Amino acid sequence: MKYHKLLENAKKPKGFWGKKMISSMNEGHYELTGWALDHINFERHYRVLDVGCGGGLTVSRIAERIGNGKVYGIDYSALCIKHSKAQNRKNILCNKVKIVLASVSSLPFEDCSFDVVTAVETYYFWPDKLNDLKEIYRVLKQNGRIMLVFEMLKTPEEPDKWKAVEDKVGIKTVTEEEIREMLAKAGFEDIETHKKDGTTWLCAIGVKK
Ligand SMILES: C[S@@+](CC[C@H](N)C(=O)[O-])C[C@H]1O[C@@H](n2cnc3c(N)ncnc32)[C@H](O)[C@@H]1O
């Protein structure tokens, strides 16, 4: 029962179970996110956007890695915005972090605003994946990088590993090839994919040339 209620709130957390899901995501994605963030050398001055920021812990961890730069977090769940703001309260007060209610499909930022855009465990839910990737491309600076992070990769060895979650949440997990193809279609170049042994984790990085 608890597991099902949590899963129902993965797409857009709200209410009591949404709050539980936010804590569970902050905890459950901690190791995955740390592993993925290590694939980017964050420079001190970087402006970074975390899309689908959930409880805002990834935003806090990126803020630790940059010096005088700035981190933005967006999410379309009002509950996630509330929790992300609480999680990042001190950095918001000193203007190092800003949390904004918005959808990935229409980012409230000017063209060429960010050095890096991260998106952890959120791609599955996006309504129009190619256009949403193009929207991220728009807000990246030249040579800026997108980093998509997945816990639920579909692999040839275990194609049905995430079937129960797919059915319950109404999403499709992804393959490495699909993600490479989508990033290329959206205009990204120099695409790298990293997988962690013994898991179904994927970290995909593309560059806006
Ligand atoms: C499984 S949670 C992951 C949250 C966070 N990135 C983490 O790793 O803990 C997915 C998040 O993506 C957000 N999300 C889903 N679709 C979105 C969209 N179209 N625009 C913005 N945020 C979205 C949800 O509200 C939720 O917070």
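Which pocket is the space taken by the ligand? The space taken by the ligand is the largest pocket. A pocket here is an open set of points on a 1 Å grid over the protein atoms alone, with protein on both sides within 12 Å along at least five of seven lines.

## Basis

This is a predicted model, in which local features need pLDDT of at least 70 and side-chain atom pairs pLDDT 80 or more, while totals for chains, interfaces and linings use all residues. Residues are numbered from 1 along each chain as its sequence is written, and side-chain values use heavy atoms, without hydrogens and water.

## Ligand shell

There are 21 residues around the ligand, and M25, H29, G52, D75 and V120 come nearest; a residue counts if one of its heavy atoms lies within 4 Å. The shell holds 11 nonpolar, 6 polar and 4 charged residues, with Gly counted as polar.

## Polar contacts

Polar contacts are pairs of N or O atoms within 3.5 Å. A polar side-chain atom of D75 is 2.6 Å from a ligand oxygen, and a side-chain N or O atom of H29 is 2.8 Å from a ligand oxygen. For K11, a polar backbone atom lies 3.4 Å from an oxygen of the ligand. The protein covers 98% of the 600 Å² of accessible area that the ligand has on its own (Shrake-Rupley method, 1.4 Å probe).

## Annotated domain

An unreviewed UniProt entry lists residues 49-147 as "domain: Methyltransferase type"; such annotations may be inferred rather than shown by experiment. Over residues 49-147, the chain is 35% helix and 29% strand, taken as DSSP runs (H or I, at least four residues; E, at least two). The end C-alpha atoms of this stretch are 10 Å apart.

Note on methods. Polar contact = N/O pair within 3.5 Å; in protein donor to acceptor, adjacent residues only side chain to side chain. 1 Å grid on protein atoms, 1.4 Å probe; cavity = no way out; pocket = protein on both sides within 12 Å on 5 of 7 lines; lining within 4 Å. Sits in = over half its atoms within 2 Å of the grid points.
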